[in-house]
Amino acid sequence: MTTTTPAAVLWDMDGTLVDSEKVWTVSLADTARALGGELSAAAREAIIGSNLPRTLGIMFDDLGLPRDADRMADAERLILRRTGELFREGLEWRPGAQAALRTVREAGWPTALVTNTVRELTELALDGIGREHFTVSVCGDEVPRGKPDPDPYLRAAELLGVDVRDCLAVEDSPTGALAAERAGAAVLVVPCEVPVPAGPGRVERDSLVGLTAAGVRDDYTRARGRDAA
């Protein structure tokens with residue numbers, strides 16, 4: 001099962017590869033105002049890395065609104081429309097992310113994009129990121145349960161034909177790191193907006209700047225060593 005090199009590298013998107021959490025902050029704030037309120041800082045932090053159903057639940061609870069299905073559906077459409085507008089304007093890379101993707105691809109590892117973002121928005125992001133970096137992609141609306149549940153990572157490993165326990169997942173948020181951990185992957189944490197707790201099977205880098213193939217193998221080995229400990 002476990003080796004000294006990962007069978008595949010599984011990449012989160014928002015906050016890991018692209019600096020899109022700031023975009024989500026705008027679209028979520030606009031949606032909250034349309035609903036007649038203002039999203040609290042605590043709620044915004046809790047939403048980081050979440051899938052859309054969980055995001056809507058947190059938002060409505062934070063605004064003191066009943067979880068009315070029709071109103072939540074309207075809010076979902078507003079979030080998707082506003083976020084799509086902002087994604088089309090272009091997304092900034094996280095430091096070192098573009099080079100890290102090239103490094104992993106050139107080293108020959110299979111790769112997956114594993115995101116809680118829905119497919120229609122992910123496709124807009126991929127217009128800028130480049131589809132060539134990923135062997136497969138899995139979006140939040142393509143699995144029964146999104147992160148923090150393990151389903152997206154389990155599905156990505158299934159599509160790649162590898163054991164998820166032999167994969168390295170790269171994540172920036174507590175929600176995403178927990179999903180990868182629950183799936184059984186080794187986790188490389190590169191925090192963006194919020195700190196990510198340490199844990200078994202996790203190692204952390206300040207950024208992706210300067211990541212090499214040897215560094216990927218080392219991070220995977222260290223994460224697996226902590227998992228065993």
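**View 1. Gly130, at the end of helix α6, has a positive phi of about 105°.** The residue comes just after α6; helices (H or I, at least four residues) and strands (E, at least two) are DSSP runs, numbered from the N terminus. Most residues other than glycine have a negative phi. The model is predicted, so local features need pLDDT of at least 70 and side-chain atom pairs count only at pLDDT 80 or more, while totals for chains, interfaces and linings use all residues. Residues are numbered from 1 along each chain as its sequence is written, and side-chain values use heavy atoms, with hydrogens and water left out.

**View 2. Buried residues of helix α6 (residues 119-129).** Leu121, Thr122, Leu124, Ala125, Leu126 and Ile129 are buried, where buried means under 20% relative accessible area, exposed over 50% and partly exposed in between (1.4 Å probe, protein chains only). Their cover includes α1, α4, α5 (97-106) and β2, by contacts defined as heavy atoms within 4.5 Å.

**View 3. Thr111 in strand β2 (residues 111-114).** Thr111 counts as buried because its relative accessibility is 3%. A polar atom of the Thr111 side chain lies 2.6 Å from the backbone oxygen of His133. Beyond neighbours within four places in sequence, the contacts of Thr111 are Val9, Trp11, Val104, His133, Phe134, Thr135, Val136 and Leu160.

**View 4. Packing of helices α1 and α4.** The two helices pack at an angle of about 145°, with axes 9 Å apart; axes are lines fitted to C-alpha atoms, for helices over the stretch in contact, and angles run from 0 to 180 degrees between N-to-C directions. From α1, the contact residues include Val23, Trp24, Leu28 and Thr31; from α4, they include Ala75, Ile79, Arg82 and Phe87. The residues of this contact divide into 10 nonpolar, 3 polar and 2 charged. Here Ala, Val, Leu, Ile, Met, Phe, Trp, Tyr, Cys and Pro count as nonpolar, Asp, Glu, Lys and Arg as charged, and the others, Gly among them, as polar.

**View 5. The aromatic pair of Trp24 and Phe87.** The rings are edge-to-face, 6.2 Å centre to centre with 80° between the planes. Rings of Phe, Tyr and Trp (its six-membered ring) pair if their centres lie within 6.5 Å; planes under 30 degrees apart count as stacked, over 60 as edge-to-face and the rest as tilted. Trp24 is in α1 (residues 21-34) and Phe87 in α4 (residues 69-88), so the pair ties together parts 63 residues apart in sequence. Both residues are buried.

Technical notes: A polar contact is a pair of N or O atoms within 3.5 Å; within protein, one must be able to donate a hydrogen and the other to accept it, and residues adjacent in sequence count only if both atoms are side-chain atoms.
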